[in-house]
Amino acid sequence: MIKRYIYYFAFLMVSFGYPAKSFAPGSSLKNNFTKKHMAADEISVAVKTQAFETYLHTLFMQTGLDKAKLDFNLFRKALVGYYNIQHKPGSSIKPILTIIDFSKSSRQKRLWVIDLHQKKLLFNTYVAHGKGTGDEFARSFSNEPNSFKSSLGFYLTAQTYQGKHGLSLKLNGLDQNFNTNALVRAVVIHGADYVSADFIKRYGRLGRSLGCPALPMKETQPIVNKIKNNTCLYIYGPDKTYSSPFLTEASAIDSFATQIFALSAS
């Protein structure tokens, strides 16, 4: 898929005035992309933005996220955050992206796990919010200990452990003032009996956690094993106070372009 966008960059560059002979059949992409005037940081903002937009829309459709009822603008935010986190010094983030939409009713499947390289939607399931956050709908969020509320923002997954809920996954919150107390609060991904379609039928909503994004018991192990150890999680909710440096689109697009050129030169 990435190779496709390398060639798409070439098409856009010709459209924006780069010499067509640079991309003639048989020419070396590696040589072309390592020329001084083809350096990633010298490509116009318009070219990089158009390539990113094409990638974004194509990925959304190919993974079937439209049919899985993920909001496109939310997907955009999550992918922007993914590329910004990927660009951090020393980052070794894996190409797996997990999105939780706490603006949806807990009666709906509001968690998605996406394999960005394979262009596959791996999981789409239920997820509970904290009991201090709301009943059927998540209304209030917090980073404070003992609030029993869910926390918004970007996370990197860490290691697993066996806790009182069985297999659990630690989370490192990345957004200052919004989720950086996740480890201190023991906000982790774990399974729970109150996260199921049967519970919804009986009570009209999912059960609630003490702030953890809790999953259906049957899906906890496969999901945790897929997303553990340095993958990106983005939790969205209806909170107008939330902001994040990871939502800066310009730097995410630069990160995307840098990745394309790094692969083309390898």
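Here are some notes on the structure above, going from the overall fold to one residue.

1. A word on the basis before we start: this is a predicted model, in which local features need pLDDT of at least 70, side-chain atom pairs count only at pLDDT 80 or more, and totals for chains, interfaces and linings use all residues. Residues are numbered from 1 along each chain as its sequence is written, and side-chain values use heavy atoms, with hydrogens and water left out.

2. The protein has eight helices and eight strands; these are DSSP runs, helices being H or I of at least four residues and strands E of at least two, numbered from the N terminus. Of its 266 residues, 50% count as buried, meaning under 20% relative accessible area with a 1.4 Å probe and protein chains only.

3. On to the sheet. Eight strands form an open, mixed sheet in the order β3-β2-β1-β8-β4-β5-β6-β7, where two strands pair if DSSP finds at least two bridges between them. Its edge strands are β3 (120-125) and β7 (214-216), each of which pairs on one side only. At the β7 end, β6 (residues 188-192) runs parallel to β7, with three bridges; Gly 191 has Leu 215 as its bridge partner in β7.

4. Two helices deserve a look. Helix α4 (residues 72-86) packs on the sheet and touches β1 (96-101), β2 (111-115), β4 (153-163) and β8 (232-236); a contact here means heavy atoms within 4.5 Å. The direction of α4 makes about 140° with that of β1. Helix α7 (residues 217-227) runs at about 120° to β7. For both, axes are lines fitted to C-alpha atoms, for helices over the stretch in contact, and angles run from 0 to 180 degrees between N-to-C directions.

5. Finally, Ala 128 sits in the loop between β3 and β4. Ala 128 counts as buried because its relative accessibility is 0%. Beyond neighbours within four places in sequence, its contacts include Phe 102, Tyr 194 and Cys 212.
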